[in-house]
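Please have the viewer open as you read.

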Amino acid sequence: MKKLILTLIAALGFVAGAHAAEGGIVWDKAPNKTNDMASLQNGAKLFVNYCLNCHSAAFMRYNRLQDIGISEKQIKDNLLFTTDKVGETMQANINPRQAKDWFGTVPPDLTLVARSRAGHGGTGADYLYTYLRTFYRDESKATGWDNLAFPSVAMPNVLWELQGDRRPVYKEVVEHGHKVRVVSGFEQVTPGSMTTLQFDQAVGDLVNYMQWMAEPVQNTRVRVGVWVLLFLSLALVFVWRLNAAFWKDVK
């Protein structure tokens, strides 16, 4: 038993050390509003206009947007840019070969990214919310941009017109006995079309939509699950009383 306890303590220490070694910034908490139809609709609009140019959502069909209150006519008139059929999946406009030439890699499919990017720092939505809000200008990079949550990312800041142009503010800290420069904040060089609060809300809507897109039936699943648990709890009472009635005369 003593050896087992020591082994468990060592394992926990190893896991904690591995997490600490991963480093990185602390992820901000994403607003979880997958029941907010207005937020989901705005997020869908942002996704189609800013993400679908390079990224696909190959497991999501346009007509599924009707589940968040967007009519088929609204889909055809405002969101159907890559195909002429609402039953088709969301495919990117960009040619994969051109994307690899420009960015060095093919932009990944985003259908399940809000689930696949979860980690010890939080949910996949938390990661996306932090990632999309921590781009900054860096002329040394091929795209002219870098990101705090994903250093040396190949993707440029596609939302820069909304957020504006920002540059990092550095400070010196001591790590492992050496002085290193770390980003302590941002300096707004040119304003965007949105204020900081408006931009954070827009990114929250976009992440909210991506979270819904990763599992459109999540809210239904949770709702049905609650009713199932309530039914089972009620059934348990009846079964318990029936069992007592059947065995009351048995000594």
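A polar contact here is a pair of N or O atoms within 3.5 Å, where one must be able to donate a hydrogen and the other to accept it. Keep in mind as we go that this is a predicted model.

With that in hand, turn to Thr130, which sits in helix H6, residues 124-131. Its side chain reaches the backbone oxygen of Asp126 at 2.9 Å. Is Thr130 buried or exposed? Its relative accessibility is 1%, so Thr130 counts as buried. Setting aside residues up to four places away in sequence, Thr130 touches Ile25, Val26, Trp27, Asp28 and Ala149.

The side chain of Asp28 meets that of Arg133, with 2.9 Å from N to O. Asp28 belongs to the loop between helices H1 (2-22) and H2 (37-51), and Arg133 to the loop between H6 and strand S3 (135-137), so this pair ties together parts that are 105 residues apart in sequence. The two partners can be told apart by accessibility: Asp28 is partly exposed at 33%, while Arg133 is buried at 16%.

The side chain of Asp126 forms a salt bridge with Lys29, at 3.7 Å from N to O. Here too distant parts of the chain are linked, with Asp126 in helix H6 and Lys29 in the loop between H1 and H2, 97 residues apart. Asp126 is buried, at 5% relative accessibility, whereas Lys29 is exposed, with a relative accessible area of 64%.

For a local pairing, look at helix H3 (residues 72-79), where Lys76 and Glu72 lie 4 residues apart, about one turn of the helix. The closest N and O atoms of their salt bridge are 3.3 Å apart. Lys76 is partly exposed at 45%, and Glu72 is partly exposed at 36%. Elsewhere, salt bridges that share partners join Asp28, Arg133 and Asp200 into one network.

Finally, consider how H6 packs against helix H8 (residues 196-214): the angle is about 145° and the axes are 9 Å apart. The crossing is right-handed. From H6, the contact uses Ala125, Leu128 and Tyr129, and H8 contributes Asp200, Val203, Gly204, Val207, Met210 and Gln211. By type, the residues of this contact divide into 6 nonpolar, 2 polar and 1 charged.

Terms used: Residues numbered from 1 in each chain as written. Predicted model: local features only at pLDDT ≥ 70, side-chain atom pairs only at ≥ 80, totals over all residues. Heavy atoms only, no water. Helix = DSSP H or I, 4+ residues; strand = E, 2+ residues; numbered from the N terminus. Buried < 20%, exposed > 50% of the residue type's maximum accessible area, 1.4 Å probe, protein only. Contact = heavy atoms within 4.5 Å. Axes fitted to C-alpha atoms, helices over the stretch in contact; angles between N-to-C directions. Left-handed = near helix turned anticlockwise from the far one by under 90°. Nonpolar A, V, L, I, M, F, W, Y, C, P; charged D, E, K, R; others polar. Salt bridge = Lys/Arg side-chain N within 4 Å of Asp/Glu carboxyl O.
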